[in-house]
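Please read the following report alongside the sequence and the structure, which are shown next.

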Amino acid sequence: MRTRSAQEIWEAALGELQIQVSKPNYRTWLERTIGLSYQGNQFVVGVPNPFAAEYLDRSQRTLIAKTLIGITRHDMQVVFQVNGRHPNSASGYSTLEEARLASQTTSVRLNPKYTFDSFIIGSCNHLAYSAALSVAQNLGLGYNPLFIYGGVGLGKTHLLHAIGHLALANNIQVIFVSGEQFTNEFINAIREKNTAAFRKKYRSADMLLIDDIHFIIGKEQTEESFFHTFNALHNANRQIVITSTRPPKSMSSLEERLRSRFEWGLIVDMQPPDFETRLLILQAKTKQVAVNVGPEVVEFIARQAFRNIRQLEGALNRVIAYARLTKETPTPRLAAKALEDIAFKEPKQASITTDLIIEAVADSFQLTPADLKSKKRKQSTVAREVAIYLIRQETNYSLSQIGTELGGRDPSFVSRAYTKIASNINTNPHLQRKISDIQQRLRTKQKSSKRSSATIPI
Ligand code: ADP
Ligand code: MG
């Protein structure tokens, strides 16, 4: 029987490794390796540069050894050797720095959990979701850039990773980077006098996903560098997706020309989750954890006015942990206990009152609060329904309490109005925009009322 050469064995191993590691990982680290020699228990793999040797030795040695053992049926130790004679070394990286930069390109770990499939769609985020899906499918041809903004913990990073996953699956070269990473890399490149490699890296992307761009604001040189990267990619019809906690127009210290670039494409916002979305998210999360959390507990947690999905997940985890600790089955009572110090403070802090809501809705429809409370005014029907919807979303008022606030309507009237808006909001972008504008206004009012009532310590 002919013994197989090291290269033949290695090719078989690569075939298996290709399935076992992610595509970018394979491309960066394994594609340009060769089987050098095979003696006794030692298998020597030739790699194009010391950086690859170091990475593979540190992170992939066990997996590679296992794969080789599977193929040869022999115990095996793997050694990586930098191999100057590699057939493709001309196309390899010329400097270590370049290899390092390139590795950052592709070794960025997209969180496998952050996909479109695991993203729950509600009225608070469905525009952002649709836009993200659309750019992932029609790179650079639709909205470019796509600019997604919203508060902390609302799913911006999740959507950005989801775009990345879909693009990678379609063999698109994606660069995913945070504003902070971009800044650090840029600073390092300047320090190491290696801005050419930095530029090359970013301009080679088919798609640039940049998370939390607000980080670069006010850092003049980084902004400048990003401006050029942006233009180069945009001119070449490469897709750019940007997230931020704030919309471009409110980033006052952002250089004007960069701000206007951001406004070229589509800007969408993400709102805090409403009750329905909170409920859906919690239902999805409880399905993932194999714990018996009943619907009444889920509803109880969803009722707490968490304005942030990360907190919402945290609350669920806390209830589960608490139940484990006390060896009790989760009940709403137990949940209340577990969330005592976080949940119940939240609605109190949120000083959005029904009056504030009625006022904001009336304003937005150019009516007066009295119009909304009046039983006679037909022309204020939609405004009244919107007010009902918002009061139910934003406060803990019961149906009959809401009825009382709006001029003595009965609970079934309130319930019908709520259901009507809750379903229309998904199909009517105009209505959705209007409602999210009102919510935005409420948040601002809430903040300013907090500020004005704050006492200054002397
Ligand atoms: P952001 O980047 O806006 O601060 P993240 O994307 O990090 O927020 O989201 C915070 C957490 O909430 C993550 O665990 C994410 O998976 C989860 N999450 C956010 N939005 C959704 C959603 N619509 N469906 C399911 N999970 C979500
Ligand atoms: Mg984020």
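Among the contacts in the protein with a separation of 6 or more, 74% are accounted for by residues 24 or more positions apart, where contact means heavy atoms within 4.5 Å. This is a predicted model, in which local features need pLDDT of at least 70 and side-chain atom pairs count only at pLDDT 80 or more, whereas totals for chains, interfaces and linings use all residues. Residues are numbered from 1 along each chain as its sequence is written, chains are lettered from A and ligands numbered from 1 in the order in which they are written, and side-chain values use heavy atoms, with hydrogens and water left out.

**Helix packing around H9**

Two packed helices are described by the angle between their axes and the distance between the axes. Here axes are lines fitted to C-alpha atoms, for helices over the stretch in contact, and angles run from 0 to 180 degrees between N-to-C directions. The axes of helix H8 (residues 195–203) and helix H9 (residues 220–235) come within 10 Å and cross at roughly 40°. That angle makes H8 oblique to H9, on a scale where angles under 35 degrees count as roughly parallel, over 145 as roughly antiparallel, 65 to 115 as roughly perpendicular and the rest as oblique. The contact is made by Phe 198, Tyr 202 and Arg 203 on the H8 side and by Ser 225, His 228, Thr 229, Ala 232 and Leu 233 on the H9 side. By class, the residues of this contact of H8 with H9 are 4 nonpolar, 3 polar and 1 charged, with Ala, Val, Leu, Ile, Met, Phe, Trp, Tyr, Cys and Pro counted as nonpolar, Asp, Glu, Lys and Arg as charged, and the others, Gly among them, as polar.

Helix H7 (residues 179–191) also packs on H9, with axes that come within 10 Å and cross at roughly 100°, and the two are therefore roughly perpendicular to each other. In this contact Phe 182, Thr 183, Phe 186 and Ile 190 of H7 meet Gln 221, Thr 222, Ser 225, Phe 226 and Thr 229 of H9. The contact of H7 with H9 has 4 nonpolar, 5 polar and no charged residues.

**Aromatic rings**

A search of the whole structure finds 16 aromatic pairs, with rings of Phe, Tyr and Trp (its six-membered ring) taken to pair if their centres lie within 6.5 Å, and with planes under 30 degrees apart counted as stacked, over 60 as edge-to-face and the rest as tilted. The rings of Tyr 38 and Phe 43 have centres 5.8 Å apart and planes at 40°, so the pair is tilted. One aromatic cluster is formed by Phe 147, Phe 182, Phe 186, Phe 198, Tyr 202, Phe 226, Phe 230, Phe 262 and Trp 264.

**Individual residues**

The table lists the accessibility of several residues.

| Residue | Relative accessible area | Class |
|---|---|---|
| Leu 17 | 0% | buried |
| Tyr 38 | 27% | partly exposed |
| Phe 43 | 0% | buried |
| Cys 124 | 7% | buried |
| Asp 212 | 27% | partly exposed |
| Gln 366 | 74% | exposed |

Leu 17 is found in helix H1 (residues 6–20) and, not counting residues up to four places away in sequence, touches Trp 10, Tyr 26, Leu 30, Leu 63, Ile 64 and Thr 67. The C-alpha atoms of Leu 17 and Gln 60 are separated by 10.0 Å, although these residues are 43 residues apart along the chain.

Cys 124 lies in the loop between helix H4 (96–107) and H5. Cys 124 and Gln 271 are 147 residues apart in sequence and 4.7 Å apart in space, C-alpha to C-alpha.

A cis peptide bond, with omega about 0°, joins Asn 144 and Pro 145, and Pro 145 has its place in the loop between helix H5 (126–137) and strand E4 (146–150). Asp 212, which is not a glycine, has a positive phi of about 55° and sits in the loop between strand E6 (207–211) and H9. Gln 366, in the loop between helix H17 (354–364) and helix H18 (369–373), has a positive phi near 55° and is likewise a residue other than glycine.

Methods. Helices (H or I, at least four residues) and strands (E, at least two) are DSSP runs, numbered from the N terminus. Buried means under 20% relative accessible area, exposed over 50%, partly exposed in between (1.4 Å probe, protein chains only).
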